[in-house]
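Trainee: I would like to learn how to read the contacts in a structure like this one. Could we go through it together, feature by feature?

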Amino acid sequence: MAKVVYKFGDDISTDIIYPGRFMATVLPTETPQYAFADNQDLNSKLVNGQIEKGSIIIAGKNFGCGSSREQAVSTIKGHELVIIAKNFARIFLQNSVNLGLNTITCPDIEAEINDEIVITETKVINKTQGREFDLIPHPPARQAIIDAGGLINYTRKKLMEKI
Amino acid sequence: MNILIIKTHFDYKAFNLLKKIDFNSYFCEKYLKIFIIYNRKTMGQTIVQKILANAANLPAVKVGDVVEPKVNLAMSHENAALVINQFLEIYKGTGLEPKVWEPGKIAIIFDHRVPAESSKTATNQKKVRNFVTEQNITKFHDIRGDEMGICHQILPESGYVRPGYVVVGTDSHTTSHGALGAFSFGIGATEMASVWTLGTILNVQVPPTIKVVVNGTFNQFVLPKDLILYLIGQLTAEGANFRVIEFHGEAIRNMTTSGRLTICNMTVEAGATSGIVPPDDETLIYLRNTAGVKDEIELINPDPDAEYEKIIEINASELVPQIACPHTVDNVKSIRDVSGIKINQVVLGSCTNGRLDDLEIAAKILKNKKIDKNVRMLVFPASGRIYKEALKAGYLIDLMEAGAVIVNPGCGPCLGIHQGALGDGEIALSTTNRNFKGRMGNPNSEVYLSSPAVAAASAIAGFITDPRELN
Ligand code: SF4
């Protein structure tokens, strides 16, 4: 069971998740400090460790639209948040799969801040509201990368097979 | 210019035989160049299906198939610093020496923060430069007037992209190169590290295609930018998510490669994986004359019976100038609904609208006029080459005399990192492709997007102005 700590609307762009002015910072170990940097409330809670790992962010449609910057994924991954969105922009979703950020596509999701959520293989269960929503599992092509522990491992395996 | 195009519908062997015949010597007096096009037996394939089938060595692919296509060109910019990091990670513990699969197929172009705005960026750039030397990467464009530019301009003008190529780039606007008939899309840094290692993209799902047919002719001061803004407004920011947009129709056939780059560039703003224009005479002329490509060019086209998820028809003759309003690109309005809004800054440039024809139309509008005293106008040509051409043509002088500031080629104010940031509460009108909150360096500002003609007319007036109303 995990708690919803923040709720966003539609079309949250990578400029909101990780503003362009911090793009010179690239290493996944260094990006978490700038997560949602222009949202002082959320950023300071994250940076000060006031948000538990595994907590949930709820979003509307097209989360992660905009630039291909991978920092937008590593910055959230650094705080081990789970994103449940109505749907995700393509590059953001692929980057999440590659880096192991937990993204859940759940078109009908309804949840408010502080709701308690359980995620199963096929459903998102909102315990607080007593409601269940179907999630759309990753297609096998993406799941294979997740199962390998991310694209670095997956590619390393392929590389070794080639030799 | 006469060009003879021979289309074959035989199998691949026959095509190869045909290619061996020296048609040029038979027809050389009548035709400038002869191209032989291989059309597979029609199998209901879209252009991207054909490209992916070729790249994955398959006779055909269906939407939803998972393939591992070979990559023809892999592009990065400053974020190559992160790609290098992830690339070295892949090799960790393997005992192998990290070596990119084919150094000639990797392009690295410094554009996002040039010249470096901070010691951090400069150090990243240095790291990339060292890697480029170590790995013998040849398509490297450093901070030099004779080779620099925005990646999405450098690739086409240098002849790095060809029809039928699979192109990936660590930049979302890699969709641009569909303008030359390539399947070209944005990926993240880790995925690029994987491409550098294997030369293929793992687990690509064949996307469905939306066909957009644009007929009619553009009216004066209505530009390809207005078409793509209109389309994004119709589709919404996620309307083409995970899909390809294939452009057809007479207005596309009559469009220059520059205009096609503008429309393909912005398809990602509707969520598209890629935009693509089936290559034609214009593509060939651009590749030969502008990009200086000398070797053989193969044209690839969709089958007449290709299957599309949906077809959208647009009449270019009915289009008026369009404006994307804050803070989403799909918040598109016709100019009459927003004209009069006061602006503080006008930005002309970017991979969307920083080419010679964009500078030309703005220069023509601004020649012998003055930019409003409350407006700063920043002009950043898309490449060093365009900068030089615009200098020679006198456009930059005209723009400067009107009051514009010419910034060096590169991304500049587009992403608000180190040039042209906005003050609190300020409003910009920009020919770039994104207006997300904070895009121009300040979350407390607003960005409107328009064509170069609207930008120039508005710079004179000091507020958003329809260029068709200029006297
Ligand atoms: S000009 Fe803007 S949109 Fe184009 S590559 Fe540079 S930052 Fe990206």
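Mentor: Let us begin with a salt bridge, which here means a side-chain nitrogen of Lys or Arg within 4 Å of a carboxyl oxygen of Asp or Glu; the side chains of B:E238 and A:K61 meet in one, at 3.5 Å from N to O. This pair crosses between chains, running from B:E238 in the loop between α8 and β11 (244–248) of chain B to A:K61 in the loop between β2 (56–59) and α3 (71–77) of chain A. Before we go further, note that this is a predicted model, in which local features need pLDDT of at least 70 and side-chain atom pairs count only at pLDDT 80 or more, while totals for chains, interfaces and linings use all residues. Residues are numbered from 1 along each chain as its sequence is written, chains are lettered from A and ligands numbered from 1 in the order in which they are written, and side-chain values use heavy atoms, with hydrogens and water left out.

Trainee: Is A:K61 buried, exposed or partly exposed, and how are helices and strands such as those you named assigned?

Mentor: Buried means under 20% relative accessible area, exposed over 50% and partly exposed in between, computed with a 1.4 Å probe on protein chains only; A:K61 is partly exposed, with a relative accessible area of 34%. The elements are DSSP runs numbered from the N terminus, with helices being H or I of at least four residues and strands E of at least two.

Trainee: How many salt bridges are there over all chains, and which distant parts of chain B does the pair B:R162 and B:D295 link?

Mentor: The count over all chains comes to 27 salt bridges. B:R162 and B:D295 have their closest N and O atoms 3.3 Å apart, and they link the loop between α6 and β7 (166–169) with the loop between α11 (281–290) and β13 (310–315) of chain B, 133 residues apart. B:R162 counts as buried at 14% relative accessibility, whereas B:D295 counts as partly exposed at 43%. In another pair, B:E309 and B:R243, the closest N and O atoms are 2.6 Å apart; these two residues are 66 residues apart. B:E309 is partly exposed at 41% relative accessibility, and B:R243 is partly exposed at 24%. Salt bridges can also join into a network, as they do for A:D15, A:R69 and B:R439.

Trainee: How should I read the size of an interface, and what area do chain B and chain A bury between them?

Mentor: The size of an interface is often given as the accessible area lost when the parts come together. Buried area is taken here with a 1.4 Å probe as the accessible area that two parts lose on being put together, summed over both, and for chain B and chain A this is about 3900 Å², 59% of it on carbon and sulfur atoms. The contact, meaning heavy atoms within 4.5 Å, takes 47 residues from chain B and 47 residues from chain A. Between these chains the count is two salt bridges, one of which is that of A:K61 with B:E238.

Trainee: Which domains make up chain B, and what area is buried between domain 2 and domain 3?

Mentor: The bounds, which come from an automatic or database domain assignment, divide chain B into domain 1 (2–62), domain 2 (73–317) and domain 3 (322–469). Domain 2 and domain 3 of chain B bury about 3200 Å² between them, carbon and sulfur atoms giving 60% of this area. B:I150, B:F221 and B:K225 supply 20% of the area that domain 2 buries against domain 3, more than any other three residues. In that interface 36 residues of domain 2 are in contact with 39 residues of domain 3, and the count of salt bridges between the two domains is one: B:E269 and B:R434 meet at 3.0 Å, N to O.

Trainee: Finally, how do I read which side of a helix is covered, and which residues of α2 of chain A are buried?

Mentor: An α-helix has 3.6 residues a turn, so residues three or four places apart point the same way. In α2 (residues 40–47) of chain A the buried residues are A:L42, A:N43 and A:L46. They cover an arc of only 95° around the axis, judged by the directions from the helix axis to the C-beta atoms, which puts them on the same side of α2(A). What covers these buried residues includes β1 (2–7) of chain A.
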